[in-house]
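Visitor: Please give me a close look at a single part of this model, and then show me how the rest of the chain relates to that part.

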Amino acid sequence: VYVEMFQSKSFRRGLEYYLSRAVAQQLELKTPYKVTSDRRRADTVLRGTILSITDHVTARQGDVGRPMDKRCTVVIEVTWTNVKTGERLLANKKFRMTGSYAALSGQDWDTAATDAADELACRLVEAMEIPWQE
């Protein structure tokens, strides 16, 4: 499997690198397939795009209204294609995951975004298992 670098339609940068790496690691850990860095040697290609990254305040400090807890939601879309036949094993499949963080306890957006990316990588690889089993 060749995992292309995720593209991003979000103004926040950097998560696409982390997510691409997390997907490759999950493929290596949880499947019998090998990830290759050479597209010419791959049987399949996985292409993905980060569609959006949003922040939501879930709790505010009562006396001053400062955000206490926040959530970061990441939405991705992926296509997985068999290089030899052109068949799409997953076609424009969307995934959404949310990570939480508490700004007052020293956590930040990066914590929530990487947690969401890790969970997205797990869910994506689970979805990829369905075509393998058929």
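Guide: Let's start with Glu87, which is partly exposed, with a relative accessible area of 45%. In this scheme, buried means under 20% relative accessible area, exposed means over 50%, and partly exposed falls in between, using a 1.4 Å probe and protein chains only. The model is predicted, so local features need pLDDT of at least 70 and side-chain atom pairs count only at pLDDT 80 or more, while totals for chains, interfaces and linings use all residues. Residues are numbered from 1 along each chain as its sequence is written, and side-chain values use heavy atoms, with hydrogens and water left out.

Glu87 sits in the loop between β4 and β5. Helices (H or I, at least four residues) and strands (E, at least two) are DSSP runs, numbered from the N terminus. Once neighbours within four places in sequence are set aside, Glu87 is in contact (heavy atoms within 4.5 Å) with Trp80, Thr81 and Asn82. Thr44 is 43 residues from Glu87 along the chain, and the C-alpha atoms of the two are separated by 9.5 Å.

Asn92 belongs to strand β5 and is partly exposed, at 44% relative accessible area. Its phi is near 50°, a positive value in a residue other than glycine. Most residues other than glycine have a negative phi.

The protein chain has two helices and five strands, and along the sequence they follow the pattern β-β-α-β-β-β-α. Of the 134 residues in the chain, 41% are buried. Among contacts between residues at least 6 apart in sequence, 64% join residues at least 24 apart.

Setting aside neighbours within four places in sequence, Leu46 is in contact with Val1, Tyr2, Val3, Glu4, Val23, Val78, Thr79, Trp80, Leu124 and Met128. One of these residues, Trp80, is also on the contact list of Glu87.

Next comes α2, which covers residues 109–133 and holds Arg123. Arg123 is partly exposed, with a relative accessible area of 39%. Apart from neighbours within four places in sequence, Arg123 is in contact with Phe95, Arg96 and Met97. Between Arg123 and Phe95 there are 7.9 Å, C-alpha to C-alpha, although the two are 28 residues apart in sequence.

Ala121 also lies in α2, but Ala121 is buried, at 1% relative accessible area. Not counting residues up to four places away in sequence, Ala121 touches Leu19, Ala22, Val23 and Gln26. Those four residues are among the buried ones of α1, a list that also includes Leu15, Glu16, Ala24 and Leu27. Ala121 and Ser20 are 101 residues apart in sequence, yet 8.4 Å apart in space, C-alpha to C-alpha.

That brings us to α1 itself. This helix has 16 residues and reaches 22 Å from its first C-alpha to its last, close to the 22 Å expected at 1.5 Å a residue; the expected span is 1.5 Å times one less than the number of residues. Ser20 is in α1, which runs over residues 15–30, and counts as buried at 7% relative accessibility. Beyond neighbours within four places in sequence, Ser20 is in contact with Val3, Glu4, Met5 and Phe6.

Tyr17, also in α1, is partly exposed, with a relative accessible area of 46%.
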